[in-house]
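Hello,

Here is the structure I promised to pass on. Please have a look at it first, and then read my notes below.

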Amino acid sequence: MSIRKYIFSLSYRRRKSNIPRLLKFLENSQYWEAKKLQEYQLKHIKKLLLHAYQNVPYYTELFDKNKIAVDNFKSFEDFKQIPFLTKKDIKERFTDLIARNHLNNECIVNYTGGSTGIPTKFYQDKSFIEWSAGVRIRGWLQVPGYNFYSSRAIIWGAERDIRSDYSLRERLYDFVVRGAVRLNCFNLSPQRIKAFLKWYNLLTPSLIIGYVSGIERFCDFVKRNNAKIHVPGAVVLCAEGATEAQRNYIESVLDAPTYNMYGGREVGLIAMECEHHRGLHTVAENNFVELSPINLSGYKNAGDLIVTNLNNYIFPFIRYKIGDIGVASPSSDCPCGRGLPLVDKIIGRSADNFVFKDGLIIAGEMFIHLMKEYNVDKYQFIQESIGLIKLKIVPNKHFRKDDIVKIKDRFSKHLPKYVELSIELIDNIPKTKTGKLRFVISRLQ
Ligand SMILES: [Zn+2]
């Protein structure tokens, strides 16, 4: 621990990083009262708007067109007059969204994962990167027993990470300098999981952090091989929503509690559960989060998540419609004492919810919930049109022909009468480029 402490501070000092200073601030600010947090947000929103109006052509035009007087900006009500920023806007107006006063050497290119279509390109700067790292580390610190110098196992995957397994040199660097061990979610061959497990047991990490599906496959391996495994303090689930069944499975195999962490590459961490699991605390100092109400079947207070990042001046995301849906929390406080606002839950990409006539939306999560009791290995719902949903099923050995009738009966009770559910039995369902299995896909976007 003390060696790691020394290496960490040396590494941050060498990079002239603000992260340790930022973390000190964040550890304190999370316990501010709601009023103080709101004042902080308002002050930083105003600063961002002034910058955007003066330096970012897209916002100059947008604010002028909508008669938004940035100088007179006083309240969150004023802020709500600003139209949403969409992925389509980013694609079409990319150049106009770059701040004119940016320094070229500060531009860091990033892309969304593209799980809802073609990846979207955007820029980030050093300040954004440091804030993102700061709030992410604070998120991990919300897990009891985890501290700044604790070690962690990372089960992650992204298209750009496809390559051969980690070399000995990389393993040692991760182990000693970062206090980390990594498993790439792609190409999860038994050999690679085995190699990871060896380093994992040597490191004895406090946390496992990663994609839900990647962690699940790691659990499958542990279970199948009855492998001896160090019990982590907790498992942090990122990048895709975990179903209740997935959480239970992971918790039972790894014998550790799970925490949902939610964010996006565009704006960094947005929200995370604390040890009381009363929903997710939003990261209010970095992202201002709003819910724009929608009519979502089964939920009273659901809304499109609208996120404003307060610390990316090079390519500002102001009132950005990220494409996910949130449910408002019934309570405003949590026994942990954090003042950070709560969101009850995040329910998948909007594209993964089904839209019908009269604005009716049925959450994709409901389809997943209803499928739990059938004898299927994998499945995928695809809404082809307002009136047609296709269900692809990879049956398991217990699946019988009359299960098709049962599934149809069950779903007809939940779908509008004019919707046809067609079922097709197949051998396999391919994963997306980022290694995710999409249970519910809408082709209506
Ligand atoms: Zn809490």
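Predicted model: local features only at pLDDT ≥ 70, side-chain atom pairs only at ≥ 80, totals over all residues.

Residues are numbered from 1 along each chain as its sequence is written.

Axes are lines fitted to C-alpha atoms, for helices over the stretch in contact, with angles running from 0 to 180 degrees between N-to-C directions.

The helix pairs

Helix α10 (residues 212-224) and helix α11 (residues 244-254) have axes that come within 10 Å and cross at roughly 40°. α10 and α11 are therefore oblique to each other. Their crossing is left-handed, a term for the near helix being turned anticlockwise from the far one by less than a right angle, with right-handed used if it is clockwise. On the α10 side the contact is made by V212, I215, E216, C219, V222 and K223, and on the α11 side by Q246, Y249, I250, V253 and L254; two residues are in contact if their C-beta atoms, placed from the backbone, lie within 7 Å. By class, the contact of α10 with α11 has eight nonpolar, one polar and two charged residues (Ala, Val, Leu, Ile, Met, Phe, Trp, Tyr, Cys and Pro count as nonpolar, Asp, Glu, Lys and Arg as charged, and the others, Gly among them, as polar).

For helix α2 (residues 19-29) and helix α7 (residues 126-141), the axes come within 9 Å and cross at roughly 50°. That makes α2 oblique to α7, and the crossing of the two is right-handed. I19, L22, L23, L26 and E27 of α2 make the contact with E130, W131, A133, G134, V135, I137 and R138 of α7. The contact of α2 with α7 divides into eight nonpolar, one polar and three charged residues.

The sheet

There is also an open sheet of four strands, in the order β19-β18-β17-β20 and with mixed pairing; strands pair if DSSP finds at least two bridges between them. β19 (420-425) and β20 (440-442) stand at the edges with a single partner strand each, so one side of each is left without a neighbour in the sheet. From one strand to the next, the twist averages 20°.

β17 (residues 376-385) and β18 (residues 388-395) pair in the antiparallel sense over eight bridges, and they form a hairpin with two residues between them. Opposite F381 stands L391 in β18, and opposite K378 stands V394. β17 and β20 pair in the parallel sense over three bridges, with S442 in β20 as the bridge partner of Q383.

Best wishes

Technical notes
Parallel < 35°, antiparallel > 145°, perpendicular 65-115°, else oblique.
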